[in-house]
Amino acid sequence: RLERKMMFEVEGGTERECMKILRHEAGHAICNGYRLHYRKRWREVFGKFSERYPTYYRPKPKSRDYVLHLDWWYAQSHPAEDFAETFAVWLRPSSRWRKAYAGWPALRKLQCVDEMMKSIEGEVAPVRSRQHAHSVRKLRTTLRAHYRRRQRRYADDPGDLYDRDLKRLFSDEEGHARNPSAAQFLRRNKGRLRTDVAEWAGVHPYTVDRVIQDMITRSRKLQLRVRDAEADLLSSALLMIAIQTVYLVQGGRRLVAL
């Protein structure tokens, strides 16, 4: 399961993001190789591995029942993904998961992973089959076509969700064509905006990060530019992002495709 890693390579993703995906996929490999999902403890903590994958899922950004690792609260999509995401957080070098998730129900899941990894230490994985799920000889499409199709499906374009607010703050008029882009402005001030909104709204910075990244993606597509003094614009952007973040947390409006 290296599909998402391959997609990042196609899209020029960062090494850090690729490593996050590899840790996630290592969780799947270990879970299947050691048949951890057959254990009663696994089912009690993560749910039914046999549960069908949904076509879409509605994330709950405010939930603390899951760890935060890949985008779009991916751990919430399926028990198998919940385990893989939890494993990835546990595996990350210098991970201080006990401190980072103190007081979260998700801490129980991290502790479960920690216990299971200690229980299989030094053991040979019982599943040693070399059988391939999809034989190369039977494939009738190219990797290029496959990943282009998957890229379209996993695209993070938020549609016109933020268009009205973004167009109030930024401009697509020719008179501002030489000004910095709205995407550059948001990206440059991302750290400050994330911190201030998270503190004000009382939400996890990860949630704010997703809203800002959505706005960057949409601003780039709309080719919006800065039109006001950046000092004045910053306070307006802060208010816009705060409102949209609270709306996201309270409404859980996004349906995410799997």
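These legends accompany close-up views of a predicted model.

**View 1. Confidence along the chain.**
The model is predicted, and the protein chain averages a pLDDT of 84. At least 70 is the score of 85% of the residues. Residues 1-13 fall below 50 in pLDDT. Beyond near neighbours in sequence, that stretch still has 27 contacts in the model.

**View 2. D165 and R168 pair within helix α8.**
The two side chains meet in a salt bridge, with an N to O distance of 3.9 Å. D165 and R168 are 3 residues apart in helix α8, which covers residues 163-169. That spacing separates D165 and R168 by about one helical turn. D165 is buried, at 16% relative accessibility. R168 is exposed, with a relative accessible area of 55%. In general, side chains of opposite charge can pair when their charged atoms come close.

**View 3. D209 forms salt bridges with K190 and with R194.**
The closest N and O atoms of D209 and K190 are 3.5 Å apart. D209 lies in helix α11 (residues 205-222) and K190 in helix α10 (residues 190-201), so this pair ties together parts that are 19 residues apart in sequence. For D209 and R194, the closest N and O atoms are 2.8 Å apart. R194 also lies in helix α10, so its pairing with D209 in helix α11 ties together parts that are 15 residues apart in sequence. How accessible is D209? D209 is partly exposed, with a relative accessible area of 22%. K190 is buried, at 16%. R194 counts as partly exposed, at 26% relative accessibility.

**View 4. R98, D114 and K118 form one salt-bridge network.**
Salt bridges that share partners join these three residues. The structure holds 9 salt bridges. D114 is among the buried residues of helix α6.

**View 5. Helix α6 spans residues 106-119.**
The helix has 14 residues. From its first C-alpha to its last, α6 reaches 20 Å, close to the 20 Å expected at 1.5 Å a residue. Which residues of α6 are buried? They are A106, L107, K109, L110, C112, V113, D114, M116 and M117.

**View 6. The largest nonpolar core has 44 residues.**
Y101, F170, F185, L186, M215 and I241 have the most contacts inside this core. At least two core residues come from each of α6, α8, α9 (182-188), α10, α11 and α12. Which helix gives the most to this core? It is α12, with 8 residues.

**View 7. F185 and its contacts.**
F185 is one of the residues with the most contacts inside the largest nonpolar core. Neighbours within four places in sequence are left aside here. Beyond them, F185 is in contact with F170, V226, E230, L233, L234 and A237. F170 is also listed with F185 for the most contacts inside the core.

**View 8. Another core lies apart from the largest one.**

**View 9. L222 in helix α11.**
L222 and S171 are 51 residues apart in sequence. In space, their C-alpha atoms are 9.2 Å apart. Leaving aside neighbours within four places in sequence, L222 is in contact with D163, K167 and D172.

**View 10. S94 has a positive phi.**
Most residues other than glycine have a negative phi. For S94, a residue other than glycine, phi is near 60°. S94 lies in the loop between α4 (79-91) and α5 (97-100). Is S94 buried or exposed? S94 is exposed, with a relative accessible area of 69%.

**View 11. Q223 has a positive phi.**
Its phi is near 55°, again in a residue other than glycine. Q223 is found in the loop between α11 and α12 (230-251). At 62% relative accessibility, Q223 counts as exposed.

Technical notes. Residues are numbered from 1 along each chain as its sequence is written. This is a predicted model: local features need pLDDT of at least 70, side-chain atom pairs count only at pLDDT 80 or more; totals for chains, interfaces and linings use all residues. Side-chain values use heavy atoms; hydrogens and water are left out. A salt bridge is a side-chain nitrogen of Lys or Arg within 4 Å of a carboxyl oxygen of Asp or Glu. Helices (H or I, at least four residues) and strands (E, at least two) are DSSP runs, numbered from the N terminus. Buried means under 20% relative accessible area, exposed over 50%, partly exposed in between (1.4 Å probe, protein chains only). pLDDT is the predictor's confidence in each residue, from 0 to 100. Contact means heavy atoms within 4.5 Å. The expected span of a helix is 1.5 Å times one less than its number of residues. A nonpolar core is a set of buried Ala, Val, Leu, Ile, Met, Phe, Trp, Tyr and Cys residues joined through side-chain atoms within 4.5 Å.
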